[in-house]
Amino acid sequence: MTSTATKPRGALARAAIAAKTLRTDRWWLPPLLTFIGLSAWVAYATVRVFMHKWYWVDAYHYLTPFYSPCVTDRCVEGSSHFGSFLPGWWIIPDAALTLPFLLLFRLTCYYYRKAYYRSFWLSPPACAVPDGHQAYGGETRFPLLGQNLHRYFFYAAAIISLINTWDAIVAFHSPEGFGFGLGNIVLLANVVMLWAYTISCHSCRHIIGGRLKHFSAHPVRYKAWTFVSMLNTRHMQLAWITLGTLALTDFYVMALAAGWFNDLRFIN
């Protein structure tokens with residue numbers, strides 16, 4: 001069998017292969033699963049954000065992270081820990097001060113960029129598979145130029161994680177005073193995973209250990225950088241885990257607020 005070769009200008013000769021890819025494995029499955037998973041989560045989150053109900057359990061002070069902090073004048077009594085100063089128009093999310101920054105933090109995240117570039121834009125859908133577009137422009141044009149702002153969205157995400165931590169602390173409440181239930185475990189687990197995802201960010205790793213010439217002169221920063229670097233290797237898994245914990249926490253609080261079932265209480 002003979003083969004011909006083509007030699008594009010400025011490139012080495014390569015075999016003229018008519019097939020788009022020679023991969024015989026199911027390379028299309030990971031981007032398909034990513035597309036389904038992200039689409040399902042976005043659909044659920046969008047519906048919940050604009051439901052404007054079932055987000056606060058007054059008896060135990062449970063507040064879903066999708067509505068934290070609740071800052072519109074539509075917020076139910078007790079749920080506005082930082083005041084309610086925005087109008088309660090249906091188009092305005094009750095957590096309008098935080099949701100846009102959380103969205104931008106995740107959209108510009110290095111892992112999520114890879115995920116939705118491959119699964120939604122097919123750019124490229126997998127290794128050794130051609131790009132779905134005629135030309136490749138990288139991240140040199142609007143709106144992809146905004147991807148470079150990821151390092152600044154990290155600071156906003158850290159502040160929001162502090163707010164979520166405060167919500168988890170406030171939730172140790174019952175009509176008799178201090179209380180502890182299954183909802184507290186759900187809220188705490190979500191906060192721990194959110195912190196793990198946030199500080200495992202590449203921007204956080206650079207902030208802690210970047211621009212240092214000698215780690216030996218900064219032992220504390222070196223220890224912190226080592227810990228963050230360890231988490232950084234799990235950044236992809238943490239990205240998906242936190243999507244799961246956010247949805248689970250929201251659903252649990254919604255179910256309690258709607259009266260579908262009662263919280264399992266351990267103390268009060």
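User: Which residues of α6 are buried?
Analyst: The model is a predicted one. Helix α6 spans residues 202-209. The cover over its buried residues includes α4, α5 and α7. Buried in α6 are Ser203, Cys204, Ile208 and Gly209.

User: Which residue just after α6 takes a positive phi, and of about how many degrees?
Analyst: Helix α6 covers 202-209. The residue in question is arginine 211, which follows just after α6. Its phi is positive, at about 65 degrees.

User: Which residues touch the most other members of the largest nonpolar core?
Analyst: In soluble globular proteins, nonpolar side chains tend to be buried together. Here the largest nonpolar core holds 21 residues. Those touching the most other members are Phe105, Tyr111, Tyr112, Tyr197 and Cys204.

User: Which element gives the largest share of this core?
Analyst: Elements that give two or more residues to the core are α3, α4, α5, α6 and α8. Five residues make up the largest share. They come from α3.

User: What does phenylalanine 105 touch, beyond residues up to four places away in sequence?
Analyst: Phenylalanine 105 is among the core residues that touch the most other members. It also belongs to one aromatic cluster with Tyr111, Tyr112 and Tyr197. Leaving out residues up to four places away, phenylalanine 105 touches His150, Phe153, Phe154, Ala157, Tyr197 and Cys201.

User: Over the face of which residue does arginine 106 lie?
Analyst: Arginine 106 has a side-chain polar contact of 3.0 Å with threonine 242. It also lies over an aromatic face, 4.3 Å from the ring centre. That ring belongs to tyrosine 197.

User: Is threonine 242 buried or exposed?
Analyst: Threonine 242 sits in helix α8, residues 235-258. Neighbours within four places in sequence aside, it contacts Arg106, Met193, Leu194 and Tyr197. Its relative accessible area is 0%, so threonine 242 is buried.

User: Which backbone oxygen does the side chain of threonine 245 reach?
Analyst: Threonine 245 is also in α8. An α-helix has 3.6 residues a turn, so residues three or four places apart point the same way. The side chain of threonine 245 comes to 3.1 Å from the backbone oxygen of threonine 242.

User: What is the relative accessible area of threonine 245?
Analyst: Beyond its neighbours within four places in sequence, threonine 245 is in contact with Asn190 and Met193. Threonine 245 counts as buried, since the cut-off is under 20%. Its relative accessible area is 16%.

User: What kind of aromatic pair do phenylalanine 50 and tryptophan 90 form?
Analyst: A pair of aromatic rings is described by the distance of the centres and the angle of the planes. In this pair the centres are 6.4 Å apart and the planes stand at 65 degrees. Angles over 60 count as edge-to-face, so phenylalanine 50 and tryptophan 90 are edge-to-face.

User: How many residues apart in sequence are the parts that this pair ties together?
Analyst: Phenylalanine 50 lies in the loop between α1 and β3. Tryptophan 90 lies in the loop between β4 and α2. The pair therefore ties together parts whose separation in sequence is 40 residues.

User: What is the angle between the planes of phenylalanine 251 and tryptophan 260?
Analyst: Both residues count as partly exposed, phenylalanine 251 at 40% and tryptophan 260 at 46%. Their ring centres are 6.0 Å apart. The pair is tilted, with an angle of 55 degrees.

User: Over the ring of which residue does the charged end of arginine 265 sit?
Analyst: The charged end is 3.8 Å from the ring centre. The ring is that of tyrosine 60.

User: What is the radius of gyration of the protein?
Analyst: The protein has eight helices and six strands. Its C-alpha atoms fill a box of roughly 85 × 50 × 35 Å along the principal axes. A compact globule of 268 residues would come near 18 Å, but the protein has 23 Å.

User: How many of the 268 residues, in %, count as buried?
Analyst: Among contacts between residues at least 6 apart in sequence, 64% join residues at least 24 apart. Of the 268 residues, the buried part is 39%.

Note on methods
Residues numbered from 1 in each chain as written. Predicted model: local features only at pLDDT ≥ 70, side-chain atom pairs only at ≥ 80, totals over all residues. Heavy atoms only, no water. Helix = DSSP H or I, 4+ residues; strand = E, 2+ residues; numbered from the N terminus. Buried < 20%, exposed > 50% of the residue type's maximum accessible area, 1.4 Å probe, protein only. Polar contact = N/O pair within 3.5 Å; in protein donor to acceptor, adjacent residues only side chain to side chain. Contact = heavy atoms within 4.5 Å. Core = buried A, V, L, I, M, F, W, Y, C linked by side-chain atoms within 4.5 Å. Phe/Tyr/Trp six-rings, centres within 6.5 Å; stacked < 30°, edge-to-face > 60°. Lys NZ or Arg CZ within 6 Å of the ring centre and 35° of its normal. Rg over C-alpha atoms; globule rule 2.2 N^0.38 Å.
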